[in-house]
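Open the model in your viewer and follow along. We will go from a pair of rings to a helix crossing, and then step back to the whole chain.

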Amino acid sequence: MGDSEETGKYEENSLSLTGSVAMGTGVMIGAGIFALTGQVAEQAGGLFPLAFLAAAIVAGFSAYSYVKMAEQYPSAGGIAMFLMKAYGKGTVTAGMALLMYFSMVINESLVARTFGTYTLQLFDAKDNAFLVPALGVGLLVAAFIVNILGNKFIGTFSTVTAVIKIAGILIFAGAGLWVSGLTFESVGVTERTSAGSFLSATALALLAYKGFTTITNSGSEITKPNKNIGRSIIISLAICLVVYLLVGLAVAGNLSISEIIESRDYALAEAARPAFGQWGTYFTVGLAIVATISGLIASTFAVSRMLAMLSEMKLVPHKHFGLPGDIQKHTLVYTVVFAITLTILFDLSRIASLGAIFYIVMDIAVHWGVLRHVHGKVKANRWVPITAIVLDLTILGAFLWLKATSDMLVIWVALGGMVVIFVGERVFLSWKDDDQEAHADGNRE
């Protein structure tokens with residue numbers, strides 16, 4: 001197939017540059033600013049806006065490897081394809097790809113519980129332990145239904161909602177900054193602030209940017225992917241950095257650090273109360289609902305495609321269970337079921353922590369693969385992935401140290417999950433190879 005035919009295929013069936021940017025920002029803003037502001041402040045204290053800036057720097061170095069790989073290997077498999085090109089079809093590729101898959105599913109449950117938490121602010125029922133996961137489960141089911149409607153609808157919906165929520169959040173930030181008189185007494189070093197806690201907060205804040213990776217999972221859907229995937233990633237990160245900094249300063253200008261931590265799961269709604277009264281709360285909650293709905297729909301679309309690619313590559317087991325439709329419809333069902341389970345079992349803090357650990361470990365593997373195996377093919381400068389690995393290891397180490405002293409269960413669950421994933425993949429791939437070899441021997445006889 002020639003270049004013109006390939007371009008035509010993408011233009012007929014694909015997301016535009018605007019649509020892919022909307023998808024990336026939709027996933028990032030959907031979870032990041034609403035779910036993580038209070039939790040980052042709990043760790044970094046008064047330096048929490050700077051933690052979002054530091055996380056953007058880490059994400060910027062990380063994005064380099066993904067952009068270089070996407071330019072050379074655009075596909076619906078995204079990260080799964082990148083890992084395969086670096087490590088081949090083996091346990092490392094399958095295991096790391098599943099780490100990314102589950103980190104994205106964890107992100108979906110994070111968004112779902114954020115939706116429930118903010119929605120309850122409309123009814124003054126914020127402490128109801130049952131309604132938060134129930135509302136989150138309802139949203140996941142709704143996202144499943146929307147994803148069945150097809151790619152074109154998702155692209156249009158993501159674009160419209162991204163514009164609405166970015167404009168709304170900027171209005172919130174601008175009004176909050178105006179009411180605060182541009183005085184940020186909450187910003188600065190507090191008793192909670194230390195080098196370790198700041199680095200740990202940066203690891204958590206990195207989740208607010210990881211949505212850029214969903215763009216790589218739509219490589220076969222984006223027009224002119226060799227150019228537009230990289231552009232989409234850079235534009236999405238830049239937009240989110242500006243939004244996060246403005247909102248962080250607006251929250252810091254209207255709440256003390258203790259107030260932010262006390263309302264950590266719904267900090268933006270709480271920040272709107274002193275600034276704008278009850279109507280401001282309604283406005284902020286409405287934005288959170290739009291952001292989480294659009295973010296969840298975009299994330300579900302991307303992560304189900306990734307699992308479908310892994311299934312088609314024979315890197316993960318796949319069972320139809322009598323379900324109708326193609327593999328992607330099946331992986332959509334599996335993804336939503338996993339996310340519902342996490343939404344029911346874990347709170348926001350632990351969900352975010354698990355997502356951060358899984359994502360950073362996978363991210364290191366991507367950079368190492370580029371550095372060791374394909375840097376020449378993708379024309380990557382080695383110092384950039386080296387820097388990305390150092391940054392990842394630094395913030396991951398600080399984050400694990402903090403969790404080891406405060407919530408060891410998160411580390412045990414993360415380690416247990418990784419052991420199950422890699423041992424399971426090792427067994428499955430060995431069984432598959434033995435089965436193929438036996439089948440070949442049977443044919444020869």
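Predicted model: local features only at pLDDT ≥ 70, side-chain atom pairs only at ≥ 80, totals over all residues.

Tyr101 is buried, with a relative accessible area of 1%.

How are the rings of Tyr101 and Phe102 arranged? Their centres are 5.1 Å apart and their planes stand at 75°, so this is an edge-to-face pair. Planes over 60 degrees apart count as edge-to-face.

Next, select Tyr209 and Tyr244. Their ring centres are 5.1 Å apart with planes at 75°, so this pair is edge-to-face. Tyr209 sits in the loop between α8 (195-205) and α9 (213-216), while Tyr244 belongs to helix α10 (residues 225-254). The two residues are 35 apart, and their pair links distant parts of the chain.

Are these two tyrosines buried or exposed? Tyr209 is buried, with a relative accessible area of 0%, and Tyr244 is buried, with a value of 0%.

Together, Phe52, Tyr209 and Tyr244 form one aromatic cluster. Across the whole structure, a search finds eight aromatic pairs.

Now switch to a cartoon view and colour helix α3 (residues 48-72) and helix α14 (residues 348-374). Two packed helices are described by the angle between their axes and the distance between the axes. Here the axes of α3 and α14 come within 10 Å and cross at roughly 55°. The two helices are therefore oblique to each other. The crossing of α3 past α14 is left-handed.

Which residues meet where these helices cross?

- From α3, select Phe61, Ser62, Ser65, Tyr66 and Met69.
- From α14, select Tyr359, Met362, Asp363, Val366, His367, Val370 and Val374.

How many helices and strands does the chain have? There are 16 helices and zero strands. Of the 445 residues in the chain, 57% are buried.

If you display contacts, look at those between residues at least 6 apart in sequence: 84% of them join residues at least 24 apart.

Definitions and conventions: Residues numbered from 1 in each chain as written. Heavy atoms only, no water. Phe/Tyr/Trp six-rings, centres within 6.5 Å; stacked < 30°, edge-to-face > 60°. Buried < 20%, exposed > 50% of the residue type's maximum accessible area, 1.4 Å probe, protein only. Helix = DSSP H or I, 4+ residues; strand = E, 2+ residues; numbered from the N terminus. Contact = heavy atoms within 4.5 Å. Axes fitted to C-alpha atoms, helices over the stretch in contact; angles between N-to-C directions. Parallel < 35°, antiparallel > 145°, perpendicular 65-115°, else oblique. Left-handed = near helix turned anticlockwise from the far one by under 90°.
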